[in-house]
Amino acid sequence: MSVLLPQIGGLTLNNSFSTSSFQTISDDELAGTGYNSVPFSGRAQQMEHVMDEIDKCGFIPENLIEQETRNFYENLGIADVYFSRESVAGIVSHIHALYSAKLDAFARGVEDKPFLHHKREEDDHAVYFETFEGVAQYESEIDDKYLDHPTDSPSYRLELFSTTMPTYSVKCHFVYKCNFTGEAVSENETDLDLISDTTFLAIASQHTKNLYSEVIREVVLTSGPVIKHFGVVSSGEQRVIIGYRQNSSPRYSSALSALCNYYKLKITRKYVEQFANGISVISIYISAQDSLISPELSLYQLTKEASLLYCIPNNMFYSKFVSGELSLQECIYAHCGVIFVTHFLNRLGPEFNTLRSLLDPSKSLVHSELLSKLKERLRSETFTQSYINEIFQKEIGLVKQLYRQFADVHYVHSSMEKTLSYQRISAINPIGSEKDFEDLLDRCQNEHHAQVLRALHSFNKSVLKTNFFTPTKIAISFRLNATFLPPTEYPNKPFGMFFVVGSDFRGFHIRFRDIARGGIRIVKSRSVDAYQVNLRNMFDENYNLASTQQRKNKDIPEGGSKGVILLNPGAAQERPRECFTKYIDSLLDLLLKSDIPGVKEPIVDLYRQPEILFMGPDENTAGYVDWATLHARKRGAHWWKSFFTGKNPKLGGIPHDEYGMTSLSVRAFVEGVYQKLGIQDLSKINKFQTGGPDGDLGSNEILLSKDENYVALVDGSGVIVDEDGIDKQELLRLARERRMIQDFERSKLGKNGYIVLCDDVDLKLKSGQIVPNGVAFRNTFHLKLSEYLGNGKVDLFVPCGGRPSAIDTTTVHSLLDEKTGKPVVPIIVEGANLFITQSAKLILEHAGAIVFKDASTNKGGVTSSSLEVLASLSFDDQGFLKNMCVDEETGAKPQFYQDYVKQVQQIIIHNAHKEFEMLWKLKQDSTKTYSELSDDLSLAINQLGDDLASSKELWEDDIGFRNAVLIDSLPSLLLHEIGITNILERVPKEYLRAIFATRLASEFVYTRGIDANPAKFLEFISSLRKRFSEEKIL
């Protein structure tokens, strides 16, 4: 097989380290183990004590005591560091365990195969012994208990030795608590003297320190694992060294052992070192077990697949990988396939479609919402993820064939020829035509199995590109063609869709136009039950949020998009940053074209078009956008400045919270209602708000609220109520300091005021009422305003936070007076996205409430972000740093930045007023509700904008008019500072085209209404030409 080696391009089989790590290293050190055993001076005396104690116990015959003791001390390869730390009693216990395994084997008649499975755990160290061919059973337990430790808990290092006896092997695991040398260090610190455990510093050779230093320096500069290797000439072993961030890949150490075993590579030694900067380094010494398989090819696969393994080490099919039934690639593919099928299997059946036709959702939103809830129930109770996984396990042969179909399309053949992967895939029977696949399904005895496999087949057909086979990655990402989505459930097909799977999360990104922008949110779950609910709703929530964003973005060139990351239950809930990092980096794998041999190689791209995603912060991600911006720059994205909005002003960001961008548009609607209703004395307005003073929208709504009288407020910590009015100055203090209501000064509560926190249990209110559970009280308070405040006590409700569908058709009647049927709250301005379902809004409006929906009211944030993106695209790097970036040292804001922020605020208020006025005008001449008219208005602008964007006549045939529209659309400050010529050169053509189309469409609808007949539009264009001529821009 060695003749195949020249065909593996780009692999340095002997050494992938830099030459500097080998300079000044002696031949003796190169031939050594990499670790120097520090002699234990008390070894001989300790051994005598051990033999004395064994003798006292009486289990081992006296004539065998010395033999068994010396065997333990001298033949198992145990380093002196163990003996220096272990107690005599501990050593006696281990020797007895080894001896008892021999006795057991003799009793069973298998003297050459003793079974040993022994452990002893102390506070500062642990020892495990086992005889087991293949993957050591204790390794996963050691990962869970010691190596994958929480950030605030002690670190542990591991030494593993595999000792070959005449007829069997013993694996010895030694775990030691780390003792770091100094104070807390930065995560970017690379000085070994500052970040190392004292034992490592004492026993590691200088060569090992050089190698680890090189790996650690590279880990600091990257997001994933750094994988290197070199040949140990004296022993013929290969030493593989892998560095990565701690807790970024659970059970990675044990999974690496399984990977070695799969490729018939024997681990003779393994060291896992933890460093104070949060980096782990694994060093594995391996040798070939199977003479029929080239060790070079096995090493090639090991180093290549270690990156894939890092993505999802503890996958659903791990046991089949350990047993050798599935390859790692097949396991990861099947794992991703189960997740895809869980979300997208069309499991509703013909009965649901019949019911849907009887309860036509297009004619009744109540029916629509009922069908939606029934759909959720059917999805959760028919094909659960565990059931789908079970089907995959039973139909593993067909799953492997589907993997080959996937690999035949997306594996870059030039890099795989003659490798073990190629040989393995070639042995799987391929799937030919659709008919061939259906013939295979005909052999399935269970229709459910066939449904699941069809869904996996549709996954294969939908993948346009993936990073699955690129050499280095930290999560698996797929660009999908969304045609597999059933139009009955998802009537508006997304333009683009990404699917991401990591070790601790799953994620989606949906956009409705090529040029689109929206936030990325992380969804956490307080319990396993909450996770199951979030899992069930995840994709629909993502789709609905992106769809809402599409309606909201009607005034800006970007269409709507949204990204959702769902954290796995358990430890992943504490690792949101790591999951966000993997999500973003894996998306960049598909957005950027890279050709770095062995690192980022070209992928198969069936989409064949360049793509840019514009993103922003959302729930639980605001603190990570700076990293994402800089990471895009590090990855070589020329559009890094515009990749994320909401970033630090030092990076040119315009913070929504600092300048109240989202709240400005919400307030424009609130004050518009006041003006139309003739309300002047705002102190008589009793106000209720969800979303507290710690949040962006909630805090700014309080700061902008003038004399309004707050009677209740709900946030993440609980509820504050005072029917006489909550102390406004205290609320303002909390809003300025971004604190929750749990920090409200209790002395400033009124005589009837009270606070219920989520942690409260059986709390007695001033009225005598008992609140049994604070969380339940918080979660349902918005539905019980009459009970806690009385009818007619709330005039205005502004939701500024809360989960989607907090009010739906099943709960909306709580906001209607039982006797009169009138709304408990007459004015509702929805700031939070999707807080009230559409059907619930209609019920409230038909009852007499004035309700303005999120897609109209909270577009200030997206407007600000869009203008931030425009500035990022318009400036060159030097101009961007000069005019848009706040000084890092002094915090001084460039004058242009200050002026531009003010202009953005003015544009937000102007756009909000235009939409409010048009909606109010349309309502006077229509029987429709504001919520329906808002959708009609968004639809009119978006449809007209899409038509105009594809118009060759307006864009290409009349360049003068086109440029005049762009000049009229762009902020005057950008035009003055940069000039239209530079803007036209720097901003992508498709983005400019979107600006042009959106400007014409929104201006037409806001001035002429939603009826876009040709005569009206021609008159509109004529009036624009006239105005442009008068302003001398045409």
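How far apart do the C-alpha centres of domain 1 and domain 2 lie? They lie 32 Å apart. This is a predicted model, in which local features need pLDDT of at least 70 and side-chain atom pairs count only at pLDDT 80 or more, while totals for chains, interfaces and linings use all residues. Residues are numbered from 1 along each chain as its sequence is written, and side-chain values use heavy atoms, with hydrogens and water left out.

**View 1. Domains of the protein chain.** The assignment gives domain 1 (79–85 + 116–314), domain 2 (467–646), domain 3 (661–858) and domain 4 (863–1031). Such bounds come from an automatic or database domain assignment.

**View 2. Contact between domain 1 and domain 2.** Domain 1 brings 16 residues to the contact and domain 2 brings 18 residues (contact: heavy atoms within 4.5 Å). About 1,300 Å² is buried between domain 1 and domain 2, with carbon and sulfur atoms giving 59% (buried area: accessible area, 1.4 Å probe, that two parts lose on being put together, summed over both). On the domain 1 side, Ser-223, Leu-308 and Cys-311 lose the most area to domain 2, together 37% of what that side buries.

**View 3. Crossing of helices α27 and α34.** The axes of α27 (residues 661–677) and α34 (residues 860–874) come within 6 Å and cross at roughly 135° (axes: lines fitted to C-alpha atoms over the stretch in contact, with angles from 0 to 180 degrees between N-to-C directions; helices: DSSP runs of H or I, at least four residues, numbered from the N terminus). Met-661, Thr-662 and Ser-665 of α27 meet Gly-860, Gly-861 and Ser-864 of α34.

Note on methods
Helices (H or I, at least four residues) and strands (E, at least two) are DSSP runs, numbered from the N terminus.
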